[in-house]
Amino acid sequence: MQASINLSKTLLMANQFNNIVSKINSAPSFLRSFLLTKLFTSKVKFAGTSGIKINEITNHKTQLFLANKKSVQNHIGGIHAIAAAVLAESATGIVFGMNVPNSKLPLLKSMKVNYQRRMQGSLSAVAQLTDEQIKLIEQEDKGSIFVPVTIEDESGQSPIECQMEWAWVTKKSGKKKH
């Protein structure tokens, strides 16, 4: 009985993005990454220009990939600093967005990116939320949280450290006051 109550609550709290991702996650595994990437890049056009590929999305975790290709390279052949920042922002924004109810508006409040060393090859990003963070997003009318993200290059090291603070506020009604 308790499991069905929790499931019902989860279904009520789920947002439109979460519902679509859940359907995609039930597709055959060979299609998931392609479909998740298409969904994301159809809504966030700028991320699509960088060639970000989504490997996994759940309520708690996202995993993204950015190939070191000519269109995102800097003058020394590595991934450009801004492309790496877009990867981090995308990873954190997706996992955050999976948990923001439809009645709330997600907003990037701040981002801090520290470049530790030259990036070697392609990059992967993993962003995660805790149960406590998810509960806070669901229950509070407005607030903000830091969404942790780890970026690794092909050496297995983290060439950048990022802090992404995401906020949510209640959406204003569509009615204009005259």
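Author: What follows is a series of questions about terms, each answered from the structure shown.

Author: This is a predicted model, in which local features need pLDDT of at least 70 and side-chain atom pairs count only at pLDDT 80 or more, while totals for chains, interfaces and linings use all residues. Residues are numbered from 1 along each chain as its sequence is written, and side-chain values use heavy atoms, with hydrogens and water left out.

Reader: How many helices and strands are there in the chain, and in what pattern do they follow along the sequence?

Author: The chain has six helices and six strands, where helices (H or I, at least four residues) and strands (E, at least two) are DSSP runs numbered from the N terminus. Read along the sequence, these elements give the pattern α-α-α-α-β-β-α-β-β-α-β-β.

Reader: What makes Phe96 count as buried?

Author: Buried means under 20% relative accessible area, exposed means over 50%, and partly exposed lies in between (1.4 Å probe, protein chains only). Phe96 has 0% relative accessibility, so Phe96 counts as buried. Of the 178 residues of the chain, 37% count as buried.

Reader: Which residues touch the most other members of the largest nonpolar core?

Author: A nonpolar core is a set of buried Ala, Val, Leu, Ile, Met, Phe, Trp, Tyr and Cys residues joined through side-chain atoms within 4.5 Å. The largest such core has 40 residues, and those that touch the most other members are Ile79, Leu87, Phe96, Val147, Val149 and Ile151. Helix α5, residues 81–97, gives the most to this core, with nine residues. In soluble globular proteins, nonpolar side chains tend to be buried together.

Reader: With which residues is Leu87 in contact, leaving aside its neighbours within four places in sequence?

Author: Contact means heavy atoms within 4.5 Å. With those neighbours left aside, Leu87 is in contact with Ile52, Leu64, Phe65, Leu66, Leu123, Ser124, Ala125 and Ile151. For the chain, 68% of the contacts with a separation of 6 or more are between residues 24 or more positions apart.

Reader: Why is the pair of Phe96 and Trp168 called tilted?

Author: A pair of aromatic rings is described by the distance of the centres and the angle of the planes. Rings of Phe, Tyr and Trp (its six-membered ring) pair if their centres lie within 6.5 Å, and planes under 30 degrees apart count as stacked, over 60 as edge-to-face and the rest as tilted. By this rule there are two aromatic pairs. In Phe96 and Trp168 the ring centres are 6.1 Å apart and the planes stand at 45 degrees, so the pair is tilted. This pair links distant parts of the chain, since Phe96 lies in helix α5 and Trp168 in strand β6 (residues 160–170), 72 residues apart. Trp168 has a relative accessible area of 1% and is therefore buried, and one aromatic cluster is formed by Phe96, Trp166 and Trp168.

Reader: How do you know that Asp153 forms a salt bridge with Arg117?

Author: A salt bridge is a side-chain nitrogen of Lys or Arg within 4 Å of a carboxyl oxygen of Asp or Glu. For Asp153 and Arg117 the closest N and O atoms are 2.9 Å apart, and the two residues form a salt bridge. Asp153 lies in strand β5 (residues 143–153) and Arg117 in the loop between β3 and β4, so this pair ties together parts that are 36 residues apart in sequence. With a relative accessible area of 6%, Asp153 is buried, whereas Arg117, at 29%, is partly exposed.

Reader: Why does Arg118 count as exposed?

Author: Arg118 has 53% relative accessibility, so Arg118 counts as exposed. Arg118 is found in the loop between β3 (104–115) and β4 (123–128). The C-alpha atoms of Arg118 and Pro159 are separated by 6.4 Å, although these residues are 41 residues apart along the chain.
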